[in-house]
Amino acid sequence: MGYLRQDLLDLTDPSYVISDADADPTGQWLFEDVTVGETSTGGTDWKLTTCCGTDEIIFLCLLFAYLVIIYFLWNTVVMKPMKLIAVFVHEMGHATACWLTCGSVKAIEVYGNEGGVTKYVGGWRWFIIPAGYVGGSFWGAFFVVLSGNRWASLAASILFCLGMAASLFFSPNKTMVMLNVGFIVLTVGFILIDQLVITPFLQFLTLFYGVFIGSFSIYDIYDDLITRTVEGSDAHACHKLIPCCMPRCVGVQFALVALAFQGLGLYLALVW
């Protein structure tokens with residue numbers, strides 16, 4: 001098994017190929033050969049033929065441990081901030097869809113009762129309304145995928161902080177200001193520790209963000225859109241756009257999309 005450095009200049013120069021024994025553990029690797037039997041196949045292992053090695057087992061155990069922790073602490077005050085940040089991600093999904101369809105966002109608010117609202121003008125409602133639950137599921141999977149690499153995790157965390165900071169310019173309420181400032185400080189703190197003290201460190205937080213946001217999206221869809229119908233929910237808004245599509249039917253569709261995103265995120269994380 002061999003490795004190629006990311007800063008390689010000439011792929012044909014054998015000096016760039018080193019053995020496992022000589023590999024620099026702190027180096028950043030762009031590509032890893034996958035050896036199956038006596039045959040070395042270069043490239044991404046899309047079929048997961050070499051799964052699961054030590055790294056994959058650690059990743060899966062950590063992901064499962066996070067799910068167990070979230071389950072047992074779900075109704076405690078410890079998880080309250082995480083639930084509110086998941087609500088924020090939901091609302092940012094609406095806001096992002098509004099911007100992408102040339103609408104104007106007037107305000108983004110998150111409430112202590114785990115509700116939220118995005119006030120906007122214009123844009124394409126057919127795209128904006130589903131973007132809350134679908135966006136939350138997407139970002140959950142996004143964090144899970146990028147948690148497997150130090151620099152990808154850093155990029156995801158910086159993007160998250162920029163999104164939280166940018167939202168503060170759209171008439172946020174007091175709860176959202178405190179929430180976003182707190183999570184920006186937390187995330188930046190993890191970034192500094194990861195860069196200056198302990199590596200890996202930030203990747204654990206990124207994975208937790210992904211697991212929680214994805215889990216919250218699925219639970220929220222099940223609780224608000226499938227087991228009951230809440231007047232004013234995204235499902236009811238979709239029903240008003242398409243009267244023949246009942247709110248619970250919309251909820252089932254959202255749930256299938258959310259589950260698909262989580263499955264895709266897990267698969268890509270293992271491939272990564």
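Student: Which helices each supply at least two residues of the lining of the largest cavity?

Tutor: This is a predicted model, so local features need pLDDT of at least 70 and side-chain atom pairs count only at pLDDT 80 or more, while totals for chains, interfaces and linings use all residues. Residues are numbered from 1 along each chain as its sequence is written, and side-chain values use heavy atoms, with hydrogens and water left out. A cavity is a set of points on a 1 Å grid over the protein atoms alone where a 1.4 Å probe fits but cannot get out; lining residues have an atom within 4 Å of a point. Helices are DSSP runs of H or I with at least four residues, strands are runs of E with at least two, and both are numbered from the N terminus. The helices asked for are α2, α4 (131-146) and α7.

Student: How much space lies in the largest cavity?

Tutor: The structure holds 1 cavity of 30 Å³ or more. Its lining includes H90, Y133 and D220. Volume here is the space filled by probe spheres set on the grid points, which are joined across faces, edges and corners. The value is about 60 Å³.

Student: Which helix gives the largest share of that lining?

Tutor: The lining divides into 5 nonpolar, 4 polar and 1 charged. Nonpolar covers Ala, Val, Leu, Ile, Met, Phe, Trp, Tyr, Cys and Pro; charged covers Asp, Glu, Lys and Arg; the others, Gly among them, are polar. The largest share is 4 residues, from α7.

Student: Which residues lie nearest the centre of the second largest pocket?

Tutor: A pocket is an open set of points with protein on both sides within 12 Å along at least five of seven lines. This one has a volume of about 680 Å³. Its lining has 11 nonpolar, 7 polar and 9 charged residues. Nearest the centre are H90, E91, G116, Y133 and D234.

Student: Why is strand β6 described as largely enclosed?

Tutor: Buried means under 20% relative accessible area, exposed over 50%, and partly exposed in between, with a 1.4 Å probe and protein chains only. Strand β6 spans residues 104-110, and it is largely enclosed by the rest of the structure because the buried ones number 5 of the 7.

Student: Which residue in β7 is the bridge partner of V110?

Tutor: Two strands pair if DSSP finds at least two bridges between them. β6 and β7 run antiparallel, with 6 bridges. A107 stands opposite K119. For V110, the partner is G116.

Student: What kind of aromatic pair do W74 and Y219 form?

Tutor: Rings of Phe, Tyr and Trp (its six-membered ring) pair if their centres lie within 6.5 Å; planes under 30 degrees apart are stacked, over 60 edge-to-face, and the rest tilted. The count by this rule is 19 pairs. For W74 and Y219, the centres are 5.0 Å apart and the planes at 65 degrees, so the pair is edge-to-face.

Student: How many residues apart in sequence are the parts that this pair ties together?

Tutor: W74 is buried, at 12% relative accessible area. Y219 is partly exposed, at 38%. W74 sits in the loop between α1 (54-73) and α2, and Y219 in helix α7, so the tied parts are apart by 145 residues.
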